[in-house]
Amino acid sequence: MNPRDFKRLSLILLFMPFALWILLLIVLPHIGMGVLALREKVAPRVYEFGFGNFIEFLHEPIYWNTLLRTGTMSMLVTALALIAGFPIAYYIAKIAGRRSRGALFLLCLIPLWVSDLIRAFGWILLLRETGVISGALQAIGLIDGPVELLYNDVTVIIGLVYTVILFMIVPLVSTLDGMDNAMIEAGYNLGGNGFTVLRRIIIPYAMPGIVSGCIIVFMLTAGSYLTPILLGGKNSSWFTETIYEQFITRYNWESGAAFGFLLLAFTSGVVWLGLKLSRQTLAGTVAKS
Amino acid sequence: MLDRNTNWGFLLGYRLYVLAFFIFLAAPLTAAAVFAFNDSLFPALPWQGFTLDWFFNDTDPKLGMFHDRRLLRGLYYSFVIGIAVAGLSVAVGTCNAFLFVRRQFPAKNFFYIVMIVPLVIPGVILGISILVFASTVANGVEDGYGIDLELLRPGILLVVLGQFSFVTTITSLVIIARLKKFDGSMEEAAFNLGASRARVLATITLPFLRPAMIAAGIVAFLVSFENFNTTLFLVGSESPLTITMFDRMAKVGSTPVLNAVSFFLMVGSGLLAVVSILVQRDRAKE
């Protein structure tokens, strides 16, 4: 066998696992889901090709309201995570001393390795009617009876921010870490105040980290299932819950697939828009973090 | 640094915010862990005294986690699934690293983006699309050949494939980053000394990649262990631990045995995280 053939053969062999993975587990399943979504049930075991499942979605306000609600709340969670997480990332990357930096970063990562389920469970123990916070407030006399802090939107948002904020902080720390302190010094020397330096130097530099953090956080939030259900109760109207209901409870796979497709299109649309607006690419942001 | 033009009051406020943030991070985890040791039937205050019953007691109503059959079975399935996902995804991730770092082929950038995409698809969508595809294939085979492919019905294989589908992106990225740092002259020296391709791979390149492969494997195992969204749609009768715990949390009023499991998992993943850090430290020494 000559070296050229060998090279080609080994390239094909190396390409095989990648191709099988993407084809069998990503491309074909998504095509299958798309085809299923376009199948209309006209009678038991009789199907027709058409957009009926999507039309059904448009005709039921409860469905598209849920999708819109999921979308807006996810954006809100993303914004809150950025606002709350940026100072922390900046502190870890720029202000903390050499030794405490590593320790703080590790502290940030520890909850990352605990499942969503346990984190949500912890919040339930803290916030429910018989929970720690309600009990503590009664003990110090601020309220008279037990108070239910679960099952409302504020709790869901706090819980979601908690679950995803680490995915915002990690890429931010790694971009800010690469930033030369001299750039900030120069900004001050040229007469900028703290706010100008932040707006004109630090934020533009951290943009790839911000975009990649926002993408990951948005996707995780919009696709999350546990936190809205456990903290928001059965009526938290999260879109993933609607999909689950169609698939598992109602066994209506056709409309479940259509809803899944809508969620995917919606979230990809938002991510695409975000990338366009910030002039970043997927390879340049997510892959680096 | 920010401390120019800013007074100490600002810095103090900043530090307090950082402190408050870490308290916020720790609060629910502490609550989940601490009640594992409360000698009460409910994971709530008041504190009734310290006990290890929720781990080791073998009788109802205070059945400890190490005597709870269903929880133990869940733990076992999670473990099996995690090992399978870690092994598979590290193997494919290593192939991907050689493919994308060492080789040139048409549309390479496009394929690189394709490789990242599974990470940004919501887990729920991955779950349902794989469920739909596997069921379609299984139904097709059943109608066409009369063979019931039990394997493609919801169960362990589908859970492994579902988690593998996005975990592989993570392991690929970790191993690619390491392979990019490889100094090609080391391989060249070995070739000049007359080593065969296989030998160079086994004695030089793979040992260089080993820390990244171990770290990627640990990450893959942990991600698989704690995954819920994708698993939820693909799970059959063999529920992994997260599903078992969720069912209990949602349906029955929970006893502190769930706190015991939480504590156990926190300690377990903490230890694994330490191992992966030690592996990375070795990497720095090389």
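Okay, hi everyone. Before anything else, keep in mind that this is a predicted model.

Let's begin inside chain A. As for touching, four residues of domain 1 of chain A are in contact with seven residues of domain 2 of chain A. On the domain 1 side of that contact, you get three nonpolar residues, one polar and no charged.

Now, helix 3 of chain A, which runs over residues 61–95. With 35 residues at 1.5 Å a residue, helix 3 should span 51 Å, and its end C-alpha atoms sit 49 Å apart, so the two agree. Helix 3 of chain A does have a bend, though: about 35° at G85(A), with a proline, P87(A), following within four residues.

On to the two chains together. The contact takes 66 residues from chain A and 66 residues from chain B. Which helix gives the most on the chain A side? That's helix 1 of chain A, residues 3–37, with 15 residues. Sorted by class, the chain A side has 48 nonpolar residues, 15 polar and three charged.

Let's zoom in on two helix pairs. In general, you describe two packed helices by the angle between their axes and the distance between the axes.

Pair one is helix 3 of chain A with helix 1 of chain B, residues 8–34. Their angle is about 110° and their axes are 10 Å apart. Roughly perpendicular counts from 65 to 115 degrees, so that's what we call this pair. From helix 3 of chain A come P87(A), I88(A) and Y91(A), and from helix 1 of chain B come Y14(B), Y17(B), V18(B) and F21(B). Those contact residues are seven nonpolar, no polar and no charged.

Pair two is helix 5 of chain A, residues 116–127, against helix 1 of chain B, at about 85° with axes 7 Å apart. That makes these two roughly perpendicular. The contact includes W123(A) and R119(A) from helix 5 of chain A, and P28(B) from helix 1 of chain B. By class, we have ten nonpolar residues, one polar and one charged.

That's my bit, thanks!

Definitions and conventions. Residues are numbered from 1 along each chain as its sequence is written. Chains are lettered from A and ligands numbered from 1 in the order in which they are written. This is a predicted model: local features need pLDDT of at least 70, side-chain atom pairs count only at pLDDT 80 or more; totals for chains, interfaces and linings use all residues. The expected span of a helix is 1.5 Å times one less than its number of residues. The bend at a residue is the angle between axes fitted to the seven residues ending there and the seven starting there. Two residues are in contact if their C-beta atoms, placed from the backbone, lie within 7 Å. Ala, Val, Leu, Ile, Met, Phe, Trp, Tyr, Cys and Pro count as nonpolar, Asp, Glu, Lys and Arg as charged, and the others, Gly among them, as polar. Axes are lines fitted to C-alpha atoms, for helices over the stretch in contact, and angles run from 0 to 180 degrees between N-to-C directions. Angles under 35 degrees count as roughly parallel, over 145 as roughly antiparallel, 65 to 115 as roughly perpendicular and the rest as oblique.
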